[in-house]
Amino acid sequence: MSEQPISQERRDDLLIQQAVCGLNANEKREMQELNRQFAEYEPSFELAVAALDLAYASDQASQLPDPLRHIILDEADQFFSSIPTQGTEVPPRPVLPAKPTEDVAPRRNRRETWWMLATAASLLLAFVAWYSSIPSPPPSLSQKLDQLIATPGTVEAIWKAQDDPAATNASGKVVWNDQQQRGFMIFNGMEVNDPNVQQYQLWIFDTARNDELPVDGGVFDITSSGEVIVPIDAKLSIEKAKLFAVTVERPGGVVRSDRERLPLLADDLVDTGA
Amino acid sequence: MSFEQKAQDSLLLQIANGQKSAVAECVDRYGGLVWSLAQRLTPTRSDAEDAVQEVFISLWKSASRFDPGKASEPTFVAMVARRRLIDFQRRHKKFSVERDVPQQVDREPEAARPSPSDALATCEEAAQAAQLLRELPEDQSQAIRMSVYDGLSHSQIAESMGLPLGTVKTHIRRGLGKLRDRLSTITESGGAR
């Protein structure tokens with residue numbers, strides 16, 4: 001094998017390290033600098049390392065534990081159901097026939113005229129049908145919240161601030177209905193988050209599930225220090241909610257929280273009396 | 001196998017095309033591989049469980065990027081898995097270099113060991129990697145195993161093997177370089193399965 005210049009060897013070492021265990025910020029900068037020095041493209045070692053991983057795994061009889069397999073499949077269901085389905089048909093907007101002008105509309109024979117009238121009439125009917133099918137404006141979050149509070153079976157609990165700076169001045173409550181699988185969080189004075197840095201995530205503890213695996217209630221942002229209403233987006237069906245917890249997570253949320261930052265809890269669920 | 005056939009057989013591409021029925025099959029086919037990797041590259045079982053979930057979410061997201069012309073599907077899964085496991089470890093600041101140097105383990109296949117999934121066993125890249133590990137000089141092979149399989153730093157390997165740090169780096173560079181060249185030949189000839 002021919003001897004390589006030192007810096008090229010260093011680049012290979014960094015490429016290997018990148019494939020095996022990743023690079024820190026300094027190493028990334030160093031690699032960028034080396035890449036500038038060597039115009040020639042150097043393929044990564046990722047494929048080689050992956051092949052070694054495969055060789056190792058094919059030599060084992062490793063099997064995914066069954067409970068973990070179920071969790072992964074549940075999460076896959078959540079993931080794919082959260083992706084908007086393509087091809088949702090939007091009714092085409094009807095086009096009304098333009099009014100012919102003297103200049104561009106020559107005399108038409110009777111057949112043409114009847115055809116135009118029939119087309120115009122059908123378009124008009126289509127327009128009326130389309131127009132009448134436009135739903136009235138949806139109720140606001142506040143109205144939806146009021147509706148849910150007035151629904152039998154709805155429970156609510158006051159947020160209890162925990163030892164976290166995000167909740168220093170926070171108050172509010174959570175409202176939930178097991179039958180409808182719907183709910184809302186109401187916050188006042190909660191710290192506004194920068195979604196590029198961190199986001200809040202709700203966790204719902206269900207009496208029917210292990211407390212180690214609360215249900216993801218959705219990732220959300222607090223955009224104002226005033227009152228903020230956030231709909232709950234439970235990723236799995238809740239049989240009977242018993243506790244709600246808000247954690248601070250990285251953007252996009254996590255599959256399982258380490259609960260390092262837990263600003264709010266709500267556990268004294270009471271019936272709204274509807 | 002033709003490119004079209006490989007694309008047709010790919011579970012990831014089926015998933016990317018909205019065939020949810022392929023999800024469970026994908027988890028069953030590659031679950032063992034990802035679990036094996038996670039157990040090796042994370043310090044605790046609990047971390048491994050969390051990391052495996054992240055790997056699969058990442059796989060669903062990147063399914064459409066799988067290109068059967070560049071690597072086999074098991075290799076692509078292994079690449080995505082290691083990337084995510086590295087991210088996971090860095091986020092949790094428990095990178096494996098903090099682990100103790102393990103005892104030497106004989107990883108030669110055992111006759112009585114249950115056979116792995118067909119998808120991995122028939123993967124040509126895996127076969128080439130295993131073959132190369134057998135062909136390489138013992139020091140090179142051992143240095144690669146300790147780096148890739150045990151997650152040890154070059155310094156830890158040097159200490160464990162009683163070799164200068166530069167020698168360890170050279171062993172790993174040369175060994176992985178040979179494997180990379182060999183795999184690029186397979187890929188160019190369309191042999192990745």
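Here is a short tour of a sheet, a chain and the place where two chains meet.

Keep in mind that this is a predicted model. We can start with the sheet in chain A. Strands in a sheet are held to each other by backbone hydrogen bonds, running either parallel or antiparallel. This one is an open sheet with 5 strands, paired in the antiparallel way, and the order across it is S2-S9-S8-S5-S6. For S2(A), the antiparallel pairing is with S9 (264–266) of chain A, over 2 bridges. Look for Lys160(A) and you'll find Leu265(A) of S9(A) opposite.

Now hop over to chain B. How many helices and strands does chain B have? The count is 10 helices and 0 strands, so the pattern along the sequence is simply α-α-α-α-α-α-α-α-α-α by definition of these elements. Of the 193 residues in chain B, 45% are buried. Among chain B contacts with a separation of 6 or more, 69% join residues 24 or more positions apart.

Finally, the two chains touch: 40 residues of chain A are in contact with 53 residues of chain B.

| Helix | Residues |
|---|---|
| H1(A) | 6–20 |
| H3(A) | 46–58 |
| H4(A) | 66–81 |

H3(A) supplies the most, with 13 residues. By type, the side of chain A that touches chain B has 26 nonpolar, 5 polar and 9 charged residues.

Notes:
Residues are numbered from 1 along each chain as its sequence is written. Chains are lettered from A and ligands numbered from 1 in the order in which they are written. This is a predicted model: local features need pLDDT of at least 70, side-chain atom pairs count only at pLDDT 80 or more; totals for chains, interfaces and linings use all residues. Two strands pair if DSSP finds at least two bridges between them. Helices (H or I, at least four residues) and strands (E, at least two) are DSSP runs, numbered from the N terminus. A residue is buried if 20 or more other C-beta atoms lie within 10 Å of its own, exposed if 12 or fewer, and partly exposed in between; C-beta atoms are placed from the backbone. Two residues are in contact if their C-beta atoms, placed from the backbone, lie within 7 Å. Ala, Val, Leu, Ile, Met, Phe, Trp, Tyr, Cys and Pro count as nonpolar, Asp, Glu, Lys and Arg as charged, and the others, Gly among them, as polar.
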